[in-house]
Amino acid sequence: MKNKIIKGFSKLSVEEKRSFISLQSKDALVTSSELKGFLIEDPVEQKHFLELSENTISSFYTPYSIAPNMVVDGKVYHVPMAIEESSVVAAASHSARFWAERGGFRVTQVSMSKLGHVYFRWFGDPADLWTHWDPLKNFLLERLKKTTASMDRRGGGILSLELLDMTGLIKHLYKLEMEVNTVNSMGANFINTCLEEMAEGIDFFFGADPHPEGKKCQVVMSILSNYTTKCTVSVEASCPVDELRSITEGMRVATFTDKMELAYMIARIDPYRASTHNKGIMNGVDAVLMATGNDYRAAEAAAHTYASRDGQYRGLSWCTVKDHTLTIGLTLPLAVGTVGGITSLHALARRSLEILGNPTAKELMGIVAAVGLACNFAAIRSLVTTGIQKGHMRLHLSNILNMLIANPDQRRETEVYFDGKKVSYSAVKHFLNGKKH
Ligand code: MEV
């Protein structure tokens with residue numbers, strides 16, 4: 001297949017875009033109507049959906065599941081999760097059920113404010129800048145009153161504005177740090193709008209210079225920070241060690257708790273393990289964020305930066321065994337919204353929030369972190385007992401049978417044959433080929 005460079009693709013209608021792509025992919029036999037076939041049928045929803053992004057020609061779907069019985073601060077949630085990876089929802093559900101019968105997850109800490117920065121260079125005397133700081137701050141806050149009015153009415157708005165000296169790291173560099181409360185919205189647009197207005201304000205305050213190159217102050221950029229160190233959530237769950245007997249797969253409880261603690265410690269000290277350990281947490285976190293129309297890339301960026309906050313990448317969750325009680329916990333930087341943005345525009349995201357009882361952003365943070373910790377606990381439990389492949393086999397086999405287009409009889413026979421055996425694509429193919437002779 002030889003693709004041609006196309007100019008003005010974005011100017012084509014949706015139909016024209018599909019036709020172009022289908023012609024380009026002639027060898028692969030992707031037809032225009034096939035592409036359209038993956039869309040939501042409701043015309044209004046379809047329009048909203050297509051307009052969420054640019055150059056949209058279809059939709060890419062992902063399994064949408066429920067992890068029932070997630071108890072967070074005494075409330076029961078049946079949590080929507082959008083994820084394609086086998087076993088994540090099963091793991092979250094088993095873990096949720098186990099902890100539900102033992103008091104569930106507790107949110108032990110939540111902080112809710114967000115940060116954004118205007119980076120600028122100051123070429124004048126540093127003392128001059130500090131002399132100007134108070135009047136500049138008042139000028140900027142006054143200038144932003146109109147922009148923040150509606151957020152202020154909702155109980156949010158700008159909490160503080162600080163000038164930070166970064167000249168020790170990069171010559172002449174300063175940053176203006178804005179802390180905001182965006183209430184129940186994730187607030188990315190609000191924060192970036194405020195910051196860009198502040199950047200303009202800084203330029204205005206120091207005066208337009210006929211020779212811009214000769215200015216004392218040069219704004220470099222303004223943007224929110226996804227490293228949300230002031231928007232964090234901590235969750236915990238604990239139970240008497242004797243109650244773990246049902247999940248040790250026949251292992252002595254003392255051996256199990258010892259291996260569990262050790263597994264969490266390994267993730268603290270070895271980045272190779274920490275990466276996979278945290279991936280298991282984010283399996284749950286991202287799936288709930290996807291289902292509720294939240295920005296999972298932001299959560300990923302925040303989580304991994306936080307995981308390396310002391311200079312080494314470490315596991316984000318922990319496990320202790322003390323006084324015959326096992327406790328697990330997780331702290332995540334996490335910015336979510338339950339109003340505005342995709343949460344209001346995407347039909348299924350809206351439904352997800354309804355399924356969760358229309359939580360506040362603060363409540364959603366607790367739910368998301370609880371699901372992350374539930375997935376993590378399930379993974380570590382499997383790893384220190386049976387290994388994870390055992391739990392994966394049923395879905396893995398089903399996916400392979402779908403790939404090999406097995407008929408119902410072949411499926412039944414294969415499932416019986418592979419019961420308790422190791423499943424691989426080649427083994428299943430071999431078995432099916434044998435059956436066909
Ligand atoms: C797989 O998606 C996630 C795990 O690898 C997580 C872990 O190892 O902790 C099972």
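The side chain of glutamate 85 places an N or O atom 2.5 Å from an oxygen atom of the ligand. That is a polar contact, meaning a pair of N or O atoms within 3.5 Å; within protein, one must be able to donate a hydrogen and the other to accept it, and residues adjacent in sequence count only if both atoms are side-chain atoms. Please keep in mind that this is a predicted model, in which local features need pLDDT of at least 70 and side-chain atom pairs count only at pLDDT 80 or more, while totals for chains, interfaces and linings use all residues. Residues are numbered from 1 along each chain as its sequence is written, and side-chain values use heavy atoms, with hydrogens and water left out.

Here are the side chains that approach ligand oxygen atoms with an N or O atom.

| Side chain | Distance to a ligand oxygen atom |
|---|---|
| Glutamate 85 | 2.5 Å |
| Lysine 279 | 2.7 Å |
| Asparagine 283 | 2.9 Å |

Taken alone, the ligand exposes 300 Å², and the protein buries 86% of that; these accessible areas come from the Shrake-Rupley method with a 1.4 Å probe, and for residues, only the protein chains shown count as cover. The residues surrounding the ligand include Arg273, Thr276, His277, Gly280, Ala379, Ile380 and Leu383, where near means that a heavy atom of the residue lies within 4 Å.

Now to the domains. The assignment gives domain 1 (1-61), domain 2 (113-224), domain 3 (231-386) and domain 4 (391-435), with bounds from an automatic or database domain assignment.

The C-alpha centres of domain 1 and domain 3 are 37 Å apart. Four residues of domain 1 are in contact with five of domain 3, contact being heavy atoms within 4.5 Å. Between these two domains about 360 Å² is buried, with carbon and sulfur atoms giving 67%; buried area is the accessible area (1.4 Å probe) that two parts lose on being put together, summed over both. On the domain 1 side, Glu45, His48 and Leu52 supply 88% of the area buried against domain 3.

One salt bridge is found across this interface. In a salt bridge, the side chains of arginine 350 and glutamate 45 meet at 3.3 Å, N to O; the rule asks for a side-chain nitrogen of Lys or Arg within 4 Å of a carboxyl oxygen of Asp or Glu.
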